[in-house]
Structure formats: structure tokens, C-alpha cells
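My plan is to look things up one by one and write down what I find.

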Amino acid sequence: MIATIFNFFSHISNEFALFMISLIPLIEERGAIIYGASVGIPWQKALPICIFANMLPVPLLLLFGMKIIQWLKTTKLFGNFFTKYEKKLYKKSEAVRKYGFLALTVFVGIPIPGTGAWSGTLVATILQFDFKKALLSILLGVILAGIIMSLACYGTIGIFKLFV
């Protein structure tokens, strides 16, 4: 699937492709950084683009995310997927409910499947987090995930070249 997306974006500038990939739910910044490394975009350029693009939908999702999911659950095309997705989010939200701000940051920041800004935003919405706290927690998580993915994709030597 990721290869298909990368091929789709091969006809536009690499930076714009990076931006657009960062917006895609479930792929987000993590997949975009992989793309950026694979096409030779320096991490210093890729990381800020990915963070900005990944955070772009977060305020709207915090405000309207659950309403959108409730509506999608009523559609034939997406109903089953979003019914299952909502149940999965409720299960994952228990740790966040227990530990709050820090848990939401870690949930968004650890780059494993099913976590990220989109999922974290919906978890924050489910748990009725304060808007500003949720936004800050998700931003910190996106930055953490970006650093982890940059280290993984560009290598620690590539990251530290800037400082040497």
C-alpha cells in the first residue's frame, strides 16, 4: 500500500508529496519520513514539513472528530470499519484515561501501527480532554515520533552530522 502511495506522489515535487503523505490517516508523519529518506530529502527539511502537515488537521479533529466518526459509521462504505475503529480506540484509551497528558503524548509519539496524531486526537476527544492540553500533548507526541522515525530512517550518524 505504501509503495502505491509513493508511486502516486512520484509525479509531484518531493516536498509536496512529503506534506501530503503526512496528512494521510494511519500513515501520517511516520510514512512521510520514510518517503523523505527514500527520495533523499535531508532530515532537517523533512522533519519540519512532516510535523506541520501532521498537525494541520488536529484542531479540526479535536473539535469535530467524534461527529465525523459517528456519521461515517452510518455509511455503507465506511460503517463497519469505523465501528471497529471506534471500539479499538476505546480499548486503547484506558491507559490514556488513567495517566492523562503524558500517556496521550506517548500514545501519539511511539511510532507503532494504530497510534499517531489522528488516533491520538480521537482518543483525546473520546476522553473529553481540554482542547489546549490535548493540542500540546499531541504536538509533543508528533515531535517525538518524528525524532524517532528520523533516527531510524536517516540513522544517528546522519542526524548528528548537523552538530559536527
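The entries below run from the overall fold to single residues.

**Entry 1: the fold**

I note at the start that this is a predicted model. I counted the secondary structure first. The protein chain has nine helices and zero strands. Read along the sequence, the pattern is α-α-α-α-α-α-α-α-α. I then looked up burial. Of the 164 residues in the protein chain, 45% are buried. I also checked the contacts between residues at least 6 apart in sequence. Among these, 68% join residues at least 24 apart.

**Entry 2: the core**

I went to the largest nonpolar core next. It has 38 residues, and L18, V96, I138 and V142 touch the most other members. Which elements give two or more residues to this core? I found helix 2 (14-23), helix 3 (28-38), helix 4 (43-55), helix 5 (58-73), helix 6, helix 7 (101-109), helix 8 and helix 9 (131-160). Helix 4 gives the most, with six residues. As background, I wrote down that nonpolar side chains tend to be buried together in soluble globular proteins.

V96 is then in contact with A103, L104, F107, V123, L127 and F129.

**Entry 3: helix 6 against helix 8**

Helix 6 spans residues 79-99 and helix 8 spans residues 117-126. Their axes are 9 Å apart, and the packing angle is about 75°. How are the two helices oriented to each other? Angles of 65 to 115 degrees count as roughly perpendicular, so helix 6 and helix 8 are roughly perpendicular to each other.

I listed the residues on both sides.

**Entry 4: the salt bridge**

I searched for salt bridges and found one in the structure. Which side chains form it? They are K45 and E15, at 3.0 Å from N to O. The pair links distant parts of the chain, with K45 in helix 4 and E15 in helix 2, 30 residues apart. K45 is partly exposed, at a relative accessible area of 43%. E15 is partly exposed too, at 29%.

I stayed with helix 4, where N54 is placed. Is N54 buried or exposed? N54 is buried, with a relative accessible area of 1%. Apart from neighbours within four places in sequence, N54 is in contact with S22, E28, E29, A117, W118 and V142.

I24 sits in the loop between helix 2 and helix 3. Its relative accessibility is 23%, so I24 counts as partly exposed. I24 and N54 are 30 residues apart along the chain, yet their C-alpha atoms are separated by 8.3 Å.

**Entry 5: two positive phi values**

I finished with backbone angles. L26 lies in the loop between helix 2 and helix 3. Its phi is near 70°, a positive value in a residue other than glycine. E28 lies in helix 3. Its phi is near 50°, also a positive value in a residue other than glycine. E28 is buried, with a relative accessible area of 0%. E28 is also one of the contacts I listed for N54.

Conventions: Residues are numbered from 1 along each chain as its sequence is written. This is a predicted model: local features need pLDDT of at least 70, side-chain atom pairs count only at pLDDT 80 or more; totals for chains, interfaces and linings use all residues. Side-chain values use heavy atoms; hydrogens and water are left out. Axes are lines fitted to C-alpha atoms, for helices over the stretch in contact, and angles run from 0 to 180 degrees between N-to-C directions. Helices (H or I, at least four residues) and strands (E, at least two) are DSSP runs, numbered from the N terminus. Angles under 35 degrees count as roughly parallel, over 145 as roughly antiparallel, 65 to 115 as roughly perpendicular and the rest as oblique. A nonpolar core is a set of buried Ala, Val, Leu, Ile, Met, Phe, Trp, Tyr and Cys residues joined through side-chain atoms within 4.5 Å. Buried means under 20% relative accessible area, exposed over 50%, partly exposed in between (1.4 Å probe, protein chains only). Contact means heavy atoms within 4.5 Å. A salt bridge is a side-chain nitrogen of Lys or Arg within 4 Å of a carboxyl oxygen of Asp or Glu.
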